[in-house]
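Hi everyone, thanks for making time.

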Amino acid sequence: MPPSAPTALLNVVDVEATCWEGQPPPGAVSEIIEVGLTVVDLAAGVRVARRRIMVRPVRSRVGDFCTELTGITRAEADAGVDFAEACRTLREEYAARTRPWASWGDYDRKQFERQCQGAVGRCPFGRTHINAKAVFTGSHGLRKRPGMAQALRIAGLPLEGRHHRGEDDAWNIAALVLHLQERGDWE
């Protein structure tokens, strides 16, 4: 019996961060409060792991607007791990430095870069980031890049879980990645 083909694992990431209806309170900055991660086995065409890492904010607090949008309460976020520990988990348990990763747009990548500069120095991810929103837009010949929920409708896929919840959004983005792979537009 021949050896099985190597797996091609992809980390799909979606973050939620502290947010406000208007400007942040004086001295507050937007910080990651949830890292949603879904591991996709591209060779098998399946989602193989799902994870939620709650992250404790240091320079901001979860307020009513943020809770209404994400469902994440101040108590949940305050009980999370510190940002450095979340980054360590991504590196050690999900091979984040060596695996390619994808997110819906560039917000998640930029938020990690900003927060790593001030907190942990080195971003937990390697250089291979794929903007799934851009790939989807090109695949479907769209002029404007759709939000994730709109992309699911276009692809004929259900929205699973709660929108603006990192774990659920990563799971849904992973479904869109698999949809793009079925179309032959994901490399």
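Let's start with a pair of helices: α5 crosses α7 in a left-handed sense. A quick word before we go on: what you see is a predicted model.

Which residues make this contact? On the α5 side they are Ala132, Val135, Phe136 and Ser139, and on the α7 side they are Ile173, Leu176, Val177, His179 and Leu180. Sorted by class, that contact holds seven nonpolar residues, two polar ones and no charged ones.

Now for the geometry. Helix α5 covers residues 132-139 and helix α7 covers residues 166-182, and the two pack at an angle of about 40 degrees with their axes 11 Å apart. Because of that angle, α5 counts as oblique to α7.

Please keep your eye on α7 while we turn to another partner, α6. Helix α6 runs over residues 148-155, and its packing angle with α7 is about 40 degrees, with the axes 10 Å apart. So α6 and α7 are oblique to each other. The crossing of α6 with α7 is left-handed.

Here, α6 brings Met148, Ala151, Leu152 and Ala155, while α7 brings Asp169, Asn172, Ile173, Leu176 and His179. How do these residues divide by class? The contact of α6 with α7 has six nonpolar, two polar and one charged.

If you compare the lists, Ile173, Leu176 and His179 of α7 turn up in the contact with α5 and again in the contact with α6.

Last stop: the largest pocket. How much space lies in it? About 350 Å³. Its lining is made up of 19 residues, and those nearest the centre are Asp14, Val15, Glu16, Tyr107 and His164.

Where does the lining come from? Strand β1 (9-17), α1 (64-70), α4 (107-119) and our friend α7 each give at least two residues. The largest share, four residues, belongs to β1. By class, the pocket lining has eight nonpolar, six polar and five charged residues.

That's my tour, and I'm happy to go back to any part of it.

How values were computed. Residues are numbered from 1 along each chain as its sequence is written. This is a predicted model: local features need pLDDT of at least 70, side-chain atom pairs count only at pLDDT 80 or more; totals for chains, interfaces and linings use all residues. Side-chain values use heavy atoms; hydrogens and water are left out. Axes are lines fitted to C-alpha atoms, for helices over the stretch in contact, and angles run from 0 to 180 degrees between N-to-C directions. Angles under 35 degrees count as roughly parallel, over 145 as roughly antiparallel, 65 to 115 as roughly perpendicular and the rest as oblique. A crossing is left-handed if the near helix is turned anticlockwise from the far one by less than a right angle, and right-handed if clockwise. Contact means heavy atoms within 4.5 Å. Ala, Val, Leu, Ile, Met, Phe, Trp, Tyr, Cys and Pro count as nonpolar, Asp, Glu, Lys and Arg as charged, and the others, Gly among them, as polar. On a 1 Å grid over the protein atoms alone, a cavity is a set of points where a 1.4 Å probe fits but cannot get out, and a pocket is an open set with protein on both sides within 12 Å along at least five of seven lines; lining residues have an atom within 4 Å of a point. Grid points are joined across faces, edges and corners, and a volume is the space filled by probe spheres set on the points.
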